[in-house]
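User: Hey, can you walk me through this model? I'd like the overall picture and then some details.
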Amino acid sequence: MGRNNNNRGRAIKQYEADLTAVLAPNQKVQYTELISNIADGMVKQARSNLENITPSYVADGQGINPPRAKCLIIPNPRSDKYRHWYDPNAPPPQISETQNDDVDSIHQPERPVETPDHLWNIPNSPEELQVLYQKTDTEVLVQSMSDLKEDTSNYIKKWQGMVEKRLRDIVVKNGGFKPNGGNRQGDVLTPYNSASTPLRECSREQRGLILHATMLILLGMDQYSLHSRILLVRVASSLDIPMSFLLQEEVRVSKALSKIILGIPAEEIAQRRAEEAKTSRRWRPGMVIAASSGSTTTLSAPLAEAKIGTVFGGNGLSPAAAAGLLGGMNESTVAVGTLFGLYGARQGSKTIESHRKEVSDFAMMPIHRADKSELADPKDVPADDRRMRVTIGIAGLFTGQDDFTDTWKVLGPQNESYVMKWEVDALKKMGTSLETTMQTFTWHEAKKEISSVTAFDRLRQAFWPVGMVKLSKVIENPWCIGMVRAEKAGAVLADVLMNRLYGERPVTLIGYGLGARVIYACLMVLAEKRAFGVIENVVVMGAPCPSEVRIWAAIRAIVAGRIVNIYSKNDYMLAFLYRSSNWLYGVAGLQSIEGVPNIQNLDISEVVTNHLQYGYLVGSVLKRINWEDIIDSEVALQQNKLSQLMRLEKALEEQREARKE
């Protein structure tokens with residue numbers, strides 16, 4: 001806030017976005033139309049996600065139908081505004097003199113549509129109230145999300161306004177780009193929504209340069225927000241550019257930007273930020289840092305060395321044009337440090353330390369670094385390990401047989417990937433108790449009986465095999481402890497993300513079992529705080545959390561990218577453990593999430609027969625949903641481990657059957 005006061009009276013220079021080396025004059029119009037159409041589509045989709053929710057109904061054998069939404073707000077019959085609704089002799093509300101010109105300022109619920117002159121009786125139930133309001137179940141559901149819809153729409157519209165403002169700064173001089181008739185061979189279509197554009201017919205080199213220039217514009221405009229990243233993905237799809245190219249460009253740019261802040265001590269960074277705050281503003285569309293904190297006419301040495309502004313090692317933007325597109329991100333340690341979370345580093349490390357009192361062992365462990373030490377300060381990340389996006393994997397149990405990060409080694413190096421470490425002892429006890437239970441003869445016998453009825457009928461009837469009830473003494477206590485601590489861990493994770501420990505970059509969350517519960521709790525906190533612009537993608541597997549429409553509609557508003565729910569109807573252990581929770585609202589780990597647009601569901605009932613298997617399925621599941629960045633060799637290792645586990649289980653069952661005979 002004070003930064004604005006210090007800049008009063010200073011003329012803010014308007015810098016053009018020179019795309020002369022990228023586009024011809026007619027292509028400039030096509031390009032701005034493409035970006036505008038994609039941004040407009042993103043705004044419409046954000047609203048549509050909450051406008052098109054419907055009550056979820058699934059067949060009895062496919063899931064549990066949560067209770068429907070209810071009307072609970074009754075117009076007060078004692079209020080002057082609503083008394084005439086109930087009493088024919090009551091006068092209508094009077095409009096004060098200050099309201100004569102604005103009749104709409106009196107807010108009152110609508111009268112029933114079909115009988116507008118019919119007097120109301122005080123309803124005795126939500127059902128009677130819904131009849132008086134003349135609203136369907138869907139209308140009640142949509143209205144319950146109206147505030148969240150407006151907040152979501154307003155947030156993304158601000159971003160859209162920044163994009164459109166920056167588009168107006170684009171110039172093409174001297175006839176612009178001269179096509180050389182290049183070919184389009186080797187393209188791989190991306191599986192994302194695309195927009196029709198004549199630019200798709202450009203050569204491979206020009207389309208790559210268009211995408212690269214768009215990345216620089218978005219970086220200079222507003223860090224690397226997740227909406228900017230989604231726009232970039234859709235531009236790539238519209239231009240028929242493979243995702244592998246975009247991922248490589250993100251890595252190249254992130255490594256170059258990281259070298260701008262390489263070797264600067266945290267104390268010097270903090271001091272430099274304080275000095276620059278007196279003479280500069282944060283970069284905004286059409287603005288440039290007026291002081292010496294970053295040059296917009298000369299490309300900084302690390303970026304020039306990485307040939308930022310060019311693609312395929314060939315021609316491209318001039319250094320001055322690339323610097324102009326990047327704005328303050330070109331050289332300013334403030335801008336780059338904010339992107340990578342350096343200026344939240346002290347606060348973030350203190351946040352982690354303070355939360356360890358609530359969640360023991362809480363830490364973030366890098367996956368692809370040789371040094372597996374816990375991360376508490378973003379300044380400790382080597383420059384070559386920084387990426388434009390962050391992925392966090394969260395385990396739901398731990399058997400102790402493998403390293404804590406083994407499950408997540410399938411995540412590729414093109415993201416900055418971490419494993420969230422939390423409550424190691426509780427997770428070990430959970431994993432050990434499940435392993436012990438599933439190796440007992442009692443479980444072997446109970447498994448035969450339990451599968452005769454669906455997990456959903458078992459939950460409804462509260463009818464479980466006697467053997468399983470006996471085994472609950474072994475597994476129920478670790479599970480209940482894990483559920484409680486998962487809620488706390490989710491709140492801690494939400495606090496860390498809202499404090500921007502990872503800077504202004506998109507964050508993806510992937511978890512299974514109780515780890516999925518951590519993600520659920522985190523997203524609920526973010527939705528309550530209206531913390532938009534943090535989470536890009538979410539993948540939950542075997543999630544012990546509700547599948548109710550309003551919950552996932554709120555999550556859909558917070559997550560701008562993909563939401564994928566992986567479930568198995570044959571995970572009877574999850575159903576048994578979740579029976580003491582609020583299963584009436586559905587169980588996401590046992591059924592699909594219905595009624596909310598743009599949520600993907602993947603049924604792996606043919607693979608998952610017990611809850612322990614999820615830890616060995618992370619890689620193969622991500623591969624099935626076409627995840628952008630995975631390591632195939634690590635996926636194969638996981639599949640081999642799962643095959644070995646299943647062979648051992650089968651051999652153990654055969655031995656037990658042989659003993660019985």
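Analyst: With that, among contacts in the protein chain between residues at least 6 apart in sequence, 82% join residues at least 24 apart. Keep in mind that this is a predicted model, where local features need pLDDT of at least 70, side-chain atom pairs count only at pLDDT 80 or more, and totals for chains, interfaces and linings use all residues. Residues are numbered from 1 along each chain as its sequence is written, and side-chain values use heavy atoms, with hydrogens and water left out.

User: What does the secondary structure of the protein chain come to?
Analyst: The chain has 23 helices and 9 strands. Those are DSSP runs numbered from the N terminus, with helices being H or I of at least four residues and strands E of at least two.

User: And how much of the chain is buried?
Analyst: Of the 661 residues, 55% are buried. Buried is under 20% relative accessible area, exposed is over 50%, and partly exposed is in between (1.4 Å probe, protein chains only).

User: Which residues have the most contacts inside the largest nonpolar core?
Analyst: Ile-392, Trp-552 and Leu-622, in a core of 127 residues. A nonpolar core here is a set of buried Ala, Val, Leu, Ile, Met, Phe, Trp, Tyr and Cys residues joined through side-chain atoms within 4.5 Å. Helix α18 (residues 466–498) gives the largest share of this core, 12 residues.

User: What does Ile-392 touch?
Analyst: Leaving out residues up to four places away in sequence, its contacts include Met-364, Tyr-418, Leu-493, Leu-497 and Ile-510. Apart from that core lies another, of 66 residues, with Leu-23, Leu-226, Leu-317 and Ala-323 among them.

User: Are Glu-250 and Arg-229 buried or exposed?
Analyst: Both are buried. For contrast, look at the salt bridge between Arg-624 and Glu-606, at 3.2 Å from N to O. Arg-624 is partly exposed at 45% relative accessibility, and Glu-606 is exposed at 55%. Salt bridges that share partners also join Arg-229, Glu-250, Arg-389, Glu-536 and Glu-628 into one network.

User: Back to α9. How do α9 and α13 cross?
Analyst: The axes of α9 and helix α13 (residues 333–340) come within 10 Å and cross at roughly 125°. Axes are lines fitted to C-alpha atoms, for helices over the stretch in contact, and angles run from 0 to 180 degrees between N-to-C directions.

User: And which residues meet there?
Analyst: Ser-254, Leu-257 and Ser-258 in α9 meet Val-336, Leu-339 and Phe-340 in α13.

Notes
A salt bridge is a side-chain nitrogen of Lys or Arg within 4 Å of a carboxyl oxygen of Asp or Glu. Contact means heavy atoms within 4.5 Å.
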